[in-house]
Amino acid sequence: MELPLVVGVDGSELALRAVDWATDEAALRGLPLRVVYASLWERYEGEALAEGSRGSAERTMAESVLRAAAERAGRRDPAVRVATEMVPDDAVGTLLRKAMDATAVVLGSRGRGGITEMLLGSVSLTVAARAHCPVIVLRGSHDNRARDGRHRRVVLGVGDPAHGPAAVRFAFEEAAGRGVALEAVRAWRCPAHESPDHATSAGEPARGHERRAAEILDTALGDFAGGHPGVEVRRRTVEGTARKVLLDASESADLLVVGVRRHDGHGHVGLQLGRVAHAALHHASCPVAVVPLRA
């Protein structure tokens, strides 16, 4: 079954920019686009009040937001099949349910009422932490384009290969669809007790950690390169913390892909995401794709 790409809207400019990006993404993957607006008005106000003038105004606004988003997507790419949906529920719950039957969910970094574009909103953070499909959050000063990005590369942060290939597969698909290079990055560090007082890169322990990082890259990428012969793959090992290395890499990337392990229960959002993904969602200079991995 063809699963749609879902984009959440709320009438904000950042949400409309997410529609642009999602339309490009849908075109790249040959997928239908579903534009979703969620509102708790009827639940909190009751059916009687919802039928009144204020309820009608809320519905009129929602319809207007959805219509504007659909028209914008149509102008962006008339070939993309667009459907709209208004849901009487909270945004997080709605998007998490839609994520159960979606290829991916696309969100702006912040919606209406946000203080600044550089801060990540709670809806985007929570959905990225809990969704069962990849979630793409439009961070940084992106140019609203999934196609023809100015940097011509997708960056993949490579974690433990034992957690599964989902993020690697997603990154290859993105690079192949865009016709750009894939840069797979693995950070490494030499523990202080193994290194001399001077730069760690000067000692044999450092070379050992770097070799291990290169081996992890090779294992994680596996046979994916063979399945995507048109994708130029660049392997890069970098000394430093994973957070800093990936944030630096995001400055010259069109998309940063990171994997996160999903845990059962209701743990803290940040812990579910992990420190690396959490930092990327808050501070990356490009859109971030959070891909759930096997726990």
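The following is a conversation about a predicted model of one protein chain.

Biologist: What kind of model is this, and how are residues numbered?

Modeller: This is a predicted model, in which local features need pLDDT of at least 70 and side-chain atom pairs count only at pLDDT 80 or more, while totals for chains, interfaces and linings use all residues. Residues are numbered from 1 along each chain as its sequence is written, and side-chain values use heavy atoms, with hydrogens and water left out.

Biologist: How many helices and strands are in the protein chain?

Modeller: The chain has eleven helices and ten strands. Helices (H or I, at least four residues) and strands (E, at least two) are DSSP runs, numbered from the N terminus.

Biologist: And how much of the chain is buried?

Modeller: Of its 295 residues, 48% are buried. Buried means under 20% relative accessible area, exposed means over 50%, and partly exposed lies in between (1.4 Å probe, protein chains only). The accessible surface of the chain is about 13900 Å², and carbon and sulfur atoms hold 50% of that area. Such areas come from the Shrake-Rupley method with a 1.4 Å probe; for residues, only the protein chains shown count as cover.

Biologist: What share of contacts joins residues at least 24 apart?

Modeller: Among contacts between residues at least 6 apart in sequence, 79% join residues at least 24 apart. A contact means heavy atoms within 4.5 Å.

Biologist: Let us turn to α1. Why is α1 described as largely enclosed?

Modeller: Because 13 of its 17 residues are buried, α1 is largely enclosed by the rest of the structure. The helix covers residues 13-29 and reaches 25 Å from its first C-alpha to its last, close to the expected 24 Å. The expected span is 1.5 Å times one less than the number of residues. Gly30 follows α1 and has a positive phi, near 65°.

Biologist: Which residue other than glycine has a positive phi?

Modeller: Arg152 is one of them, with phi near 60°. Most residues other than glycine have a negative phi. Arg152 is in the loop between β5 (135-138) and β6, and is partly exposed at 39% relative accessible area.

Biologist: Which residues of α4 are buried?

Modeller: They are Val92, Gly93, Thr94, Leu95, Leu96, Lys98 and Ala99.

Biologist: Where is Cys133, and what does Cys133 contact?

Modeller: Cys133 is in the loop between α5 and β5, and is buried at 3% relative accessibility. Leaving aside neighbours within four places in sequence, its contacts include Ala99, Ala102, Val290 and Pro292. The C-alpha atoms of Cys133 and Leu293 are 9.6 Å apart in space, although the two are 160 residues apart in sequence.

Biologist: And Ser39, buried or exposed?

Modeller: Ser39 is buried, with a relative accessible area of 11%. Its place is in the loop between β2 (33-38) and α2 (41-50). Not counting residues up to four places away, Ser39 touches Glu58, Val87, Pro88 and Asp89.

Biologist: Changing topic, how much space lies in the largest pocket?

Modeller: About 800 Å³. On a 1 Å grid over the protein atoms alone, a pocket is an open set of points where a 1.4 Å probe fits, with protein on both sides within 12 Å along at least five of seven lines; lining residues have an atom within 4 Å of a point. Grid points are joined across faces, edges and corners, and the volume is the space filled by probe spheres set on the points.

Biologist: Which residues are closest to its centre?

Modeller: Of the 35 lining residues, Val158, Gly159, Asp160, Gly259 and Val276 are closest to the centre of the largest pocket. The elements giving two or more residues to this lining include β6 (153-157), α9 (242-250), β9 (255-261) and α11 (275-283). By class, the lining has 20 nonpolar, ten polar and five charged residues. Ala, Val, Leu, Ile, Met, Phe, Trp, Tyr, Cys and Pro count as nonpolar, Asp, Glu, Lys and Arg as charged, and the others, Gly among them, as polar.
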